[in-house]
Amino acid sequence: MKQIILFLLALQPSFSPAQIGVNISLPERGGTYIDLARENYRWHDLNTGNELNAGQVDAKGWPATDARYVVDFRPVAEWAGSIDDPEVYRLDVSGIWKCSFAGQGVVASSTGGSVQNLVYDPPSNATTFDYVVAPGSNGLFLIEFSDTRRTPSDPLHSGFTDFKMLRPGYANDSGVFHTAFLDLFDSIHFSAIRFMNFTNTNGSNPVFPVQTEWVDRKLPTDASQSGIAQIGKRDGACWEHVIDLANRTHTDAWINVPISASSDYVDQLATLLKNNLDPDLNIYVESSNEVWNTAPGFEQSQYNQAQAADLGIGEHENHARRTVELAQIFETVFGAGSLNDRVRVVLCSHQPMLKWWVEPMLQYINAHFGPPADYLYAIGCQTYFSGGHEAGESVGKILDDCHLSITNQITDTGVNEAGRTQWIAKAIAWGLPGGFVSYEGGSDHGGGSTTNIANRILAERSEGMCEEMRYNLDDAFIQLGGTLAMQFTLTSGYNRYGCWGLTDDVNVPHRNYKFACLRDLINETTVQTTELKPDRPVVSVSPNPASDVVHFSFESAVPGNVQVAIFNLLGREVFDFEGENRGLIQVQTGDWEAGLYFYLLVIGNRQISGMILIE
């Protein structure tokens, strides 16, 4: 037992510095790429107004007919006559957008800006023009390309290729990524970037049993890095750009492998990463995204269910099997010893499903492949919090609700037994070297409802939201023993569908408190709860390790009651106390089983948690 206890202790994170990463999207609000066409694929038929269909584009997705290019930066839901954002924040899209394409045609704008300096150069068969947008634009551009001809020998109305629309201030797109976007990563060094949204993982798979082959993937040379359903490419940015961005920011890459990807696809992807990703960077590998989620847009869950039925196993067992399959292929490519070192395979599931899905998956892996720790680096779930969905709730009440939402996730004493301490305990019990991670998290005020939407958005921009973010990431995750928390997401608009972003404009990241809050938290060195921060009440837990008794010593100057709760590795409460703060509580532990226990302390308005080892 002594050896087991020492092994479990060795798994505990050092907490220095905080391990916090971020999910990124395509596009980021305010710009991911220098060339807008890389992130905005909206080509419509010039005559009907409908989106171009498969017969109206070439093999790379470029229009093979006259077309209208649609750009819409307007806030939700201005197109329907209302705006969710009470501050009506708009991106500044004014300036001169340098545009070009291969071919010739007549270019005009009916909405948003004016086409100027249109020039066709016959020797190069290239057309250039300036798209000039005045200050105060609402962000809707409609640019029409008529009488097009791809080459001088092609018929009229045959379309064009290689369209570019460079953001104001750029002469070319040789740098690929928008400077303001990159600047965010220079000012805040995340531990990892999760590319799930960037590569458009959700809903981009064919129907089982069709597999996605390597030849089917998005390429840097395609008409856009956004989804191009017209040529069968619903995925997002290419893997080459994932590698470029990870290398440029020197940040570990968290990738989501399509559930439909063939073994050859996975092998080729692993080889591309091995050959091109900075060797100092780690790779987190996850099978698809939320394969448990049956909501529209998460069709990967249907693929998983169909594949599981075909194999004669449960859907959760198939998720586990697929995750191990990815681990095996990546280890073959990267070499023996790469798993749980540079290659970090993560098994993710829904937060309440710890004992309903996660434990059975670990048992399945153990029975069919061997110890899960031979394949899995960590287990993970989401760590969102929310509040303010009732009509009339003030910003202060919304923040209070958020705080309670976080507190209620620390330890689940209900039927699911799936609080964060219990996820941590599960990872420790199975000896997973990366412990417990959060694949997504942060304030969640989406869902599509407009109830109290103004105050919900104002709460997101308030200084108080910074405190709730710190509570969620530090007190209620890192200090508990969580190892890597992934924020969702870097930027977004603030509206009824979510206020996910740390900011709503990459060009003005400090419009609210969230970005600076996370930057400051990452730059700090977090400590275990026995070395409390100055603004926390002083608590001493000793001895630790212990055998017969544990003393909880509190700062006597803190008025009011104290609460102490202790839980075993299964999440079951073994001790509970609530009473007046008299400075000391003694807990008799002589008849407890040896092992790790979690404690949760509430003193005034502060909550502290940690671990005790009983020998």
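Hi everyone, let's begin with the lining of the largest pocket: by class it has 17 nonpolar, 21 polar and twelve charged residues. Here Ala, Val, Leu, Ile, Met, Phe, Trp, Tyr, Cys and Pro count as nonpolar, Asp, Glu, Lys and Arg as charged, and the others, Gly among them, as polar. A pocket is an open set of points on a 1 Å grid over the protein atoms alone, where a 1.4 Å probe fits, with protein on both sides within 12 Å along at least five of seven lines; lining residues have an atom within 4 Å of a point.

This is a predicted model, where local features need pLDDT of at least 70, side-chain atom pairs count only at pLDDT 80 or more, and totals for chains, interfaces and linings use all residues. Residues are numbered from 1 along each chain as its sequence is written.

Back to our pocket. Its space is about 1400 Å³, counted as what probe spheres set on the points fill, with grid points joined across faces, edges and corners. Of its 50 lining residues, S492, G493, N495, Y497 and W500 lie nearest the centre.

On to the second largest pocket, with about 370 Å³ of space.

Finally, confidence. The protein chain has a mean pLDDT (the predictor's confidence in each residue, from 0 to 100) of 91, with 93% of residues at 70 or more. Over residues 1-17, though, pLDDT is below 50, and over residues 525-537 it stays under 50.

Notes:
Side-chain values use heavy atoms; hydrogens and water are left out. Contact means heavy atoms within 4.5 Å.
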